[in-house]
Amino acid sequence: ILLDSIVHAHPKTKEAAAVLKNLSAQKGMASLSWKNGARALVLLPERDATVKRSFRNIPSVEVEEVRNINPVDALNYQYLVFVNPEATLKALEGRLA
C-alpha cells in the first residue's frame with residue numbers, strides 16, 4: 001500500500017483509527033481492526049514520533065523506520081504500508097545496496 005503522507009498535528013489514536021478505517025474501506029482490503037484484523041507494518045522514510053505515537057495503541061499495526069526492518073519482520077505482516085513511497089523506497093534501496 002502506498003500513501004503520500006500521514007499527517008497528524010497531535011498524536012491521537014482516533015486519527016490513526018480513521019486512517020485504518022479508510023484503508024479498510026478500499027476494495028480488496030481486509031479489515032485492519034483493533035484486535036483480530038489483518039496485521040500491517042507502516043514504513044516511514046525517517047523518524048516521526050507523532051505517527052508512531054498515534055498508532056501505538058492499535059495492536060494490529062506496527063510503525064517502523066524503513067532502515068530498521070529486515071525481511072523476517074516484513075513477512076510477519078499481511079500489509080506493508082509505505083508512507084512517502086519515493087523516499088521510503090530510496091531508503092530501502094540504500095539499505096539493500
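**Close-up 1. Ser54 in helix H2 of the predicted model.** Ser54 is buried, because its relative accessible area is 0%, under the 20% cut-off. Helix H2 holds this residue. A polar atom of the Ser54 side chain lies 3.4 Å from the backbone nitrogen of Lys12.

**Close-up 2. Ala49 in helix H2.** Helix H2 covers residues 49–55, and Ala49 belongs to it. Ala49 has a relative accessible area of 26%, so this residue is partly exposed. Pro11 is 38 residues away from Ala49 along the chain. The C-alpha atoms of Ala49 and Pro11 are separated by 8.2 Å.

**Close-up 3. The largest nonpolar core.** This core has 18 residues. Ile6, Val42, Phe55 and Val61 touch the most other members. At least two residues of the core come from each of these elements: helix H1 (13–24), strand S2 (40–44), H2, strand S3 (61–65) and strand S4 (79–83). In soluble globular proteins, nonpolar side chains tend to be buried together.

**Close-up 4. Val42 and the residues it touches.** Which residues does Val42 touch, leaving out those up to four places away in sequence? They are Ile6, Val61, Glu62, Val63, Glu64, Val81 and Val83. Val42 is also one of the residues of the largest nonpolar core that touch the most other members.

**Close-up 5. Another core, of six residues.**

Note on methods. Residues are numbered from 1 along each chain as its sequence is written. This is a predicted model: local features need pLDDT of at least 70, side-chain atom pairs count only at pLDDT 80 or more; totals for chains, interfaces and linings use all residues. Side-chain values use heavy atoms; hydrogens and water are left out. Helices (H or I, at least four residues) and strands (E, at least two) are DSSP runs, numbered from the N terminus. Buried means under 20% relative accessible area, exposed over 50%, partly exposed in between (1.4 Å probe, protein chains only). A polar contact is a pair of N or O atoms within 3.5 Å; within protein, one must be able to donate a hydrogen and the other to accept it, and residues adjacent in sequence count only if both atoms are side-chain atoms. A nonpolar core is a set of buried Ala, Val, Leu, Ile, Met, Phe, Trp, Tyr and Cys residues joined through side-chain atoms within 4.5 Å. Contact means heavy atoms within 4.5 Å.
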